Amino acid sequence: MAADTLLEVANLGKTFGHLTVLKNVSFNLSRGERVALIGPSGSGKSTCLRAINYLEPPTEGDIRLEGQSIGRRPNGQRMTDREMAPQRAEIGMVFQHFHLWPHLSVRENVALQPRKVRGMSRSDAEMLAGDLLGKVHLAHKAEEMPQRLSGGQQQRVAIARALAQQPKLLLFDEPTSALDPELVGEVLTVIKELAAEGRAMVLVTHEIAFAREVADRILFMDGGQIVEEGPAKSVLDQPQSPRLKQFLASLQLGGPDE
Amino acid sequence: MSDALPGLIVEAFFAGALVTVKVTAGALAVALAIGMTLAAATVLTNSRMLQTAIRIYVEALRNVPSLTFLFLLYYGLASLGLRLSSMVAAIVGLGLIGGAITVDIFRSGFRSIPVGQSEAATSIGLTPFAAFRLIVLPQGLRQALPSIGNYAVALVKDTSLVAAIAAPEIMFNARQLVNETFQTGLIYGSVALVYLVLTGAVAQVMSLVERRLETR
Amino acid sequence: MFFQTIADNIADWGPRLLAGLRLTFSVTAGGFCLAFMLALLIEFLRTRRHAAVRFIARLYIASARGVPILVILYLLYFALPGAGITLSAVAAGTIGLAAVYAAYLAEVFRAGLHAVPAGQREAALSSGMSPLQAFRLVLLPQAVRHTIAPLLINLVSLLKDSSICALIAVPELTLVSRELMSESFLPLHVFALTALLYFGLAWPASLVARALEQRLHQQGQRDSGRGKRPVVEVAAVG
C-alpha cells in the first residue's frame with residue numbers, strides 16, 4: 001500500500017437476491033485526491049458510494065480506510081452499527097436529500113456530531129459550527145430551523161455538518177440532484193472551494209462539466225462495473241469505450257441520460 | 001362431571017356464535033348503509049345544515065361508550081313504550097354507533113380521489129351524481145376498505161357487550177354455563193379462543209377482498 | 001318536564017354519579033399508565049434480534065387485539081381465582097384494560113418511529129453516532145411528535161371502554177347509572193345524564209387530538225428533505 005493511499009476499494013460486489021447491482025468494483029483514492037463517479041441511472045454509482053461507509057453493506061469485497069478494514073471484524077464477520085460508528089465518524093457524507101435533523105436548529109445540526117460523538121464541549125462545538133457555517137456562507141442562518149431554508153441552503157448546511165466531523169474523506173451522493181436549477185450553483189461553489197483546499201472526496205454527480213472541473217480522476221460506471229477510468233479531462237474529452245461515448249452523447253442532446 | 005357437558009358447551013357456543021354473527025352482520029349492514037349514504041350526501045350537497053347535523057350525530061355517538069348507548073336505547077326506549085327485543089336493540093345500537101364511525105371513513109375515502117378526476121367526469125357531460133357514482137364511489141370504497149376492515153373486527157368484539165342487554169350471544173351463554181358448571185377457566189378461555197377465531201376470520205376475509213380488488 | 005325531573009333528582013343522583021366518575025378516572029388513568037409502560041416493553045421486545053422474542057411480542061399484540069375486553073375482564077376476575085390469584089374488581093378492570101391497550105399503544109409507538117424518514121437515521125449513523133445515540137438524539141425526539149395525538153385518541157378510547165368494567169361490578173359511572181335506573185325507573189334521564197358526562201370528558205380531548213394531528217400534518221408538508229408519510233390511524237377503532 002502506497003504511503004499516501006487513503007481509500008482502497010477492492011472487488012466490491014452487491015447483490016439483492018437475483019439482482020446484481022455491483023460487480024468487481026475496485027479503485028483507490030490517494031490523500032487529497034478528488035474522484036468523481038459518473039454514469040447512467042442504475043449504474044450502481046450511488047450504491048458504490050454508500051458501500052464505502054457501509055450504509056449499503058457489500059455482499060463481496062473489501063473497503064479499507066488508511067489500511068483499516070471498514071465494516072468487518074478481523075475474523076471477517078460484519079460489524080454491528082455500534083462497532084462501525086467510530087469508523088463512520090471519519091467519513092463525512094452529504095446526501096441527495098440533505099436529511100438535516102428538523103427538530104434542531106442549523107447550528108445544532110452542525111454541532112451535534114462534535115459534541116455527542118467526539119465529546120467536544122458545547123461552547124467549543126458551537127464555535128466550530130459557527131466557523132463552518134461561515135465557510136459555507138450561512139453564518140447568518142445559524143439560529144434558524146432547517147425547514148425555513150431553501151434547498152440550496154439546506155444542502156450547504158449539510159456540507160458544514162459533514163465537515164464538522166473533521167473527516168478524512170468526504171462522500172457526496174448526487175448533492176445537487178434534488179435541487180431546483182437556480183440553487184445548484186451555490187452548492188457547487190462550496191464543493192469547488194473544498195476541492196481547492198485539497199480535501200479527499202468521492203463525488204457521485206450528474207453535473208459532468210462540474211466533475212470535469214473539480215475532479216482529478218473520473219470513474220465511469222455502467223451496469224454495476226467500472227467501464228472506463230482515468231484523468232478527468234482526458235476521460236471526458238477523449239472517451240475510449242463505446243458506452244461512455246454513448247453516455248456523453250446522450251447528455252449533449254439534452255435528453256435523459258438513462 | 002357428566003358426559004353431557006362437552007356437548008352442552010359446544011351447543012351453547014354454537015348457538016352463541018350464531019347470534020354473534022347475526023348481530024355483527026346486522027350492525028355492519030346498518031353501519032355501512034348509514035355511513036355510505038351520509039358520506040355521499042356530504043360530498044354531493046353543499047348543505048351547511050346537513051353537514052352540521054352529521055357532525056353532531058358523529059360527535060355525539062363517538063364520544064359516548066357503546067355500553068351506555070346500548071342501555072340508553074334498550075331501557076330508554078322501553079320506558080317510552082317502545083320495547084325492542086335484545087337482538088334488535090343490539091343491531092340498531094351498534095349499527096348507529098358504527099354509522100358514526102364509518103361516515104368519516106367513507107368521507108375521507110371519497111375525498112382522497114383527486115379533484116381532477118371529478119372535473120374530467122363533469123367536463124364530458126356527466127351529472128354530478130353520475131360522476132360520483134361512476135368515478136368517486138368505486139375508488140373511494142376501495143380506499144376505505146382497510147379502515148372498514150378494522151371497524152368490522154372491532155365490531156365483532158363489541159358484540160360481547162350486548163350480553164348486558166340479554167342478547168343470547170356467546171358471552172351470555174357462557175355466563176349461563178359457568179353458573180351451572182363453575183368451569184370458569186375452561187369456558188371463558190374457550191370464549192377467548194372463539195373470538196380470536198372470529199376476529200381472525202373477519203380480518204382474513206377483509207384482506208382477501210382487498211387483494212381481489214387490487215388485481216382487477 | 002325532562003329537565004325538571006333531573007333537577008328533582010339531582011341531589012340524590014349527583015354525588016353518586018360523581019363518585020362513579022371518580023372511579024372511572026382512576027381506572028382510566030391507572031389503566032393508561034400501566035398500558036403505556038407495558039407497551040414500551042412490548043415494542044422493545046418486538047425490535048430485538050432474537051426471532052423468538054419478537055414472535056412473543058407480535059403474538060401478544062395479535063391476541064390482545066382479537067379478544068373483547070369483556071372476555072379479558074371475565075378471565076381476570078372470574079377465572080384467575082381458580083388458579084389461586086384473586087383480584088379485586090377494580091384491579092381486574094385496570095389490569096384488563098391495560099393489557100389490551102398495551103397492544104394498541106405499542107402500535108402507536110411503532111408507527112411514530114416509522115414516521116421518521118429513513119434518511120434521518122442514515123445521516124445520524126454516517127456521522128458516527130452509535131445506534132443508541134441515533135435513537136436518543138435524532139429518532140426519538142422526532143417520533144414523539146407523531147405519537148402525542150394517537151396517544152390522546154387512545155386515552156379517550158380507554159375512557160369509553162372503562163364502562164365495560166361495570167359488567168364485573170366495578171362501581172364506576174356506568175354501573176352507578178344502572179343502579180340509579182333500576183331505583184328510579186327513569187332510564188332516559190339517568191342514561192342521558194351519564195352519556196353527557198362521558199361526552200363532556202371525551203369530546204374536548206378528541207378535539208385537541210384532532211387539532212394536534214392537523215398541525216402535525218401541515219408541518220410535515222414543509223419539512224426538510226422528502227415529504228413525510230401522513231400519520232397512520234392506529235387508535236382503537238370506536
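Two strands are said to pair if DSSP finds at least two bridges between them, and strands themselves are DSSP runs (E, at least two residues; helices are H or I, at least four), numbered from the N terminus. By this criterion, strand 3 (residues 34–38) and strand 9 (residues 217–222) of chain A are joined by four bridges and run parallel. Within strand 9 of chain A, Phe220(A) is the bridge partner of Ile38(A). The model is a predicted one, in which local features need pLDDT of at least 70 and side-chain atom pairs count only at pLDDT 80 or more, while totals for chains, interfaces and linings use all residues. Residues are numbered from 1 along each chain as its sequence is written, and chains are lettered from A and ligands numbered from 1 in the order in which they are written.

Turning to the sheet as a whole, six strands of chain A form an open, mixed sheet in the order 6-7-8-3-9-10. Strand 6 (91–94) and strand 10 (225–231) of chain A each have a single partner strand, so one side of each is left without a neighbour in the sheet. From one strand to the next, the twist averages 15°. Helix 5 (residues 151–163) of chain A packs on this sheet and touches strand 6 and strand 7 (169–173) of chain A; its direction makes about 170° with that of strand 6. Here axes are lines fitted to C-alpha atoms, for helices over the stretch in contact, and angles run from 0 to 180 degrees between N-to-C directions; contact requires C-beta atoms, placed from the backbone, within 7 Å.

Chain C, by comparison, comes to eight helices and zero strands. Its C-alpha trace spans about 70 × 50 × 25 Å along the principal axes. Of its 238 residues, 47% count as buried, that is, with 20 or more other C-beta atoms within 10 Å of their own.

The contact between chains C and B takes 34 residues from chain C and 37 residues from chain B. On the chain C side, helix 8 (187–222) gives the largest share, 11 residues.

A nonpolar core is a set of buried Ala, Val, Leu, Ile, Met, Phe, Trp, Tyr and Cys residues joined through C-beta atoms within 7 Å. The largest has 121 residues, of which Leu70(B), Leu73(C), Tyr101(C), Ala102(C) and Leu105(C) touch the most other members. Helix 4 (residues 89–114) of chain C gives the most to this core, with 14 residues.

Technical notes. Two residues are in contact if their C-beta atoms, placed from the backbone, lie within 7 Å. A residue is buried if 20 or more other C-beta atoms lie within 10 Å of its own, exposed if 12 or fewer, and partly exposed in between; C-beta atoms are placed from the backbone.
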